[in-house]
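Colleague: I would like to learn how to read aromatic pairs. Please take me through a case.

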Amino acid sequence: MEQQAAPSSAPVALVQETAALWSQCLGVEVKAEDDFFALGGNSLTGIKIIERIFEDHGVQLSVRDFYLAGTPARIAGLIEQGRAGT
């Protein structure tokens with residue numbers, strides 16, 4: 001069974017920080033529920049974002065989890081889960 005990203009329970013500040021990171025990498029305004037690929041995201045941009053998340057938060061996301069999550073809100077939820085060690 002594929003692991004789906006749960007609805008985000010991440011703090012609003014973390015969701016906003018994640019959206020800002022995406023904006024910086026994608027060069028467009030990003031909202032919490034915007035889809036990565038609909039915004040023009042590609043594999044190289046995704047890897048850059050994953051690396052920045054690891055640098056900034058110490059949480060290693062797989063490319064698969066990143067793509068399945070697909071929105072800043074869900075990615076922030078994964079960061080929060082990673083911080084909690086779950």
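Colleague: Is Trp22 buried or exposed?

Modeller: Buried means under 20% relative accessible area, exposed over 50%, and partly exposed in between (1.4 Å probe, protein chains only). Trp22 has a relative accessible area of 0%, so Trp22 is buried. Phe66 is buried as well, at 1%. This is a predicted model: local features need pLDDT of at least 70, side-chain atom pairs count only at pLDDT 80 or more, and totals for chains, interfaces and linings use all residues. Residues are numbered from 1 along each chain as its sequence is written, and side-chain values use heavy atoms, with hydrogens and water left out.

Colleague: How do I read a pair of rings?

Modeller: Two values describe a pair of aromatic rings: the distance of the centres and the angle of the planes. Rings of Phe, Tyr and Trp (its six-membered ring) pair if their centres lie within 6.5 Å; planes under 30 degrees apart count as stacked, over 60 as edge-to-face and the rest as tilted. By this rule there are seven aromatic pairs. Trp22 and Phe66 have ring centres 5.7 Å apart and planes at 45°, so their pair is tilted.

Colleague: Which parts does the pair of Trp22 and Phe66 tie together?

Modeller: Trp22 lies in helix α1 (residues 12-26) and Phe66 in helix α3 (residues 63-69), so the pair ties together parts 44 residues apart in sequence. Helices here are DSSP runs (H or I, at least four residues), numbered from the N terminus.

Colleague: Which residues form the aromatic cluster?

Modeller: Trp22, Phe36, Phe37, Phe66 and Tyr67 form one cluster.

Notes. Helix = DSSP H or I, 4+ residues; strand = E, 2+ residues; numbered from the N terminus.
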